[in-house]
Each structure stands twice: as C-alpha cells, then as structure tokens.
Amino acid sequence: MKKIIPAYLRVIVLFFIIFGLIEYFIDSGDRPAFLKFPMVNVILLVVLILLIAIEAVISAADNIVYQLLPEEEKARLAAEELKPLRESVWFKNLMKKLTKTVPIEEEGSLLLNHDYDGIKELDNNLPPWWVYSFYACIVFAAIYLVRFEILGADNQEMELKKELAQAKIEVAEYMKNAPDLMDEKSVTQLTDPADLAIGKTLFENNCAACHRADAGGQIGPNLTDDHWILGGGIKNIFHTITNGGRDGKGMISWKGTLKPKEIQKIASYIMSLKGSNPKDPKAPDGDLWVEEIAAAEAK
C-alpha cells in the first residue's frame with residue numbers, strides 16, 4: 001500500500017535523529033563521538049540495520065494484509081491512491097479540524113442578514129490554530145509584562161552587556177595562563193636566568209643583524225641606552241617587536257614568525273641589557289625614557 005513518506009526517507013530521517021541524539025548526550029569533547037569512540041559506529045550500524053529490518057517487516061505485513069482484502073476493498077484503496085493529496089480523506093479531516101470550515105452545501109446556515117450588491121456575508125468560525133495562537137500571545141504578553149516591567153528582569157541589551165563584561169573577565173583570566181595569547185597589555189618582564197638565556201639566543205638569531213649581537217645598534221638603534229623611538233619598557237618593546245616599527249623605515253613585524261612567549265623573552269633580554277655600555281654604541285635615537293615618568297603618565 002502506498003505511503004505518503006517513502007520507506008527509505010523514513011529510515012534516513014530516523015537514523016540522523018538518533019545520530020544527533022547520540023552526539024548530543026555523549027560527551028566527546030572537541031571531537032565527534034563517532035570519531036572518538038569507535039563503539040558508537042557499531043551502535044549506529046546496528047541502529048541502521050534495525051531500522052531497515054523494521055521497515056521491511058512493516059512492508060511485508062502491509063502486503064500480506066493487502067492480499068487478504070476483498071477485491072472491492074482493493075479497488076477502493078487503488079482509487080484512493082490515485083486521488084490527489086488534497087482530495088484524500090485524511091487530508092480533508094485534518095483541514096476540517098484545523099479550520100472548522102463548513103461544507104459549501106451547508107453554507108446557507110452561516111448567512112448573515114448583510115447583503116451588499118448581491119455580496120453576502122458568512123459567519124464563519126475563526127480557525128482554531130489562529131485562536132490558540134492568539135491566546136498564546138496573550139499569555140506570553142502577560143508573562144513578559146510581569147517579568148520585565150514589574151519584576152525588572154534583564155532585557156536583551158542588559159544581558160548582552162553582562163555577557164560581554166563576563167567574557168572580558170574570562171578572556172583576561174585565560175590569557176594569564178595562555179602565554180601564546182599574550183599581548184602588550186598582559187606581558188610581564190621575565191628575570192629568570194633561563195628565560196633570559198633563551199631570549200639572548202633568539203635575539204642573536206633574529207635581531208643581531210640590525211642591532212648587533214651586543215645590542216649596541218647598527219642599522220637599528222642602540223637598545224642599551226635610555227632613548228627609545230617608540231617607547232621603552234617591557235610593554236612598548238613587546239609591542240614594537242610584535243607589530244614592527246615606523247612605517248617605511250622601521251623594522252618588520254615579527255608576529256607570526258615568533259610566538260608571543262618568545263617575543264616576551266627577547267623583550268625581557270633587551271630590558272636586561274640596559275646600561276651594559278657596549279663598545280662603540282650607536283648615537284641615541286628617540287626620546288629619553290624613564291620608567292618613573294612613564295608610570296606617572298599612565299596614571
């Protein structure tokens with residue numbers, strides 16, 4: 001017997017519903033459950049086989065029942081299957097329940113005493129779906145009024161502001177423990193000899209070509225004095241190494257080439273070279289930088 005939804009489509013829809021429920025309820029972290037847990041694939045395969053088997057049993061049962069029907073009933077079912085969807089019995093019953101319409105031949109009982117140039121008015125009932133939707137809107141409006149206007153619950157704008165504020169707190173906390181997400185606002189100076197040793201190696205491999213191995217300056221400025229073109233201090237040095245110097249004549253950006261943690265070590269090593277007085281240093285460039293003055297300006 002003909003079904004509105006084909007068997008293969010029912011199998012596919014049910015399979016993916018079950019698949020979605022498995023993925024939802026099984027905690028597999030950042031990987032899909034069927035990739036992290038091989039047993040899930042076995043379960044899904046069994047489910048698929050069961051769905052196909054159930055559809056096969058239902059189809060066989062329908063065929064047996066159909067064969068046992070009298071010829072008149074078979075003819076009636078065959079005629080029913082040839083009808084368009086809108087003319088089928090179940091569709092008409094469904095629409096009647098949804099709209100509560102009166103058959104055309106009975107519309108005379110709905111006529112009102114209104115006649116406008118031969119145009120008559122019917123007193124049809126409102127469709128139940130519309131009436132219930134209207135009642136639902138009234139209930140929703142009452143709950144909304146009490147919740148937001150009387151009890152003072154947060155509206156969407158306030159919820160957004162609170163979520164953004166909480167997100168900033170969480171990002172800041174996360175960046176404290178995630179060195180590779182460090183920036184010039186969160187960077188701190190390192191003083192551990194092991195970190196400075198790594199910073200020295202990184203400096204010699206990447207920065208010495210322009211600043212000399214002793215940081216006395218060559219193409220780039222002297223990094224051991226108190227004069228800085230783009231500002232001194234750990235935060236400014238970190239920012240300059242990360243984003244590069246002045247447009248057109250400053251050094252390149254090392255973002256992407258060096259990790260933030262590596263840039264922190266280089267900047268800390270440069271800070272440790274202050275006052276080291278290398279041989280034949282380059283003349284001072286930029287403005288005098290004093291940490292105490294910078295701290296006062298920041299306030």
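Is Asp285 buried, partly exposed or exposed, and why? I looked this up first. Asp285 counts as partly exposed because its relative accessibility is 27%; buried means under 20% relative accessible area, exposed over 50%, and partly exposed in between, with a 1.4 Å probe and protein chains only.

I'm working with a predicted model, where local features need pLDDT of at least 70, side-chain atom pairs count only at pLDDT 80 or more, and totals for chains, interfaces and linings use all residues. Residues are numbered from 1 along each chain as its sequence is written, and side-chain values use heavy atoms, with hydrogens and water left out.

Back to Asp285. I found Asp285 in the loop between H11 and strand E4 (287-288); helices (H or I, at least four residues) and strands (E, at least two) are DSSP runs numbered from the N terminus. Setting aside residues up to four places away in sequence, Asp285 touches Pro221, His227, Trp228 and Ile229 (contact means heavy atoms within 4.5 Å).

Next, the core. I noted 21 residues in the largest nonpolar core, and Phe203 is among those touching the most other members. Such a core is a set of buried Ala, Val, Leu, Ile, Met, Phe, Trp, Tyr and Cys residues joined through side-chain atoms within 4.5 Å. H8, H10 and H11 are the elements giving two or more residues to this core, and H11 has the largest share, 6 residues. I then spotted a second, separate core of 8 residues, including Phe15 and Val47.
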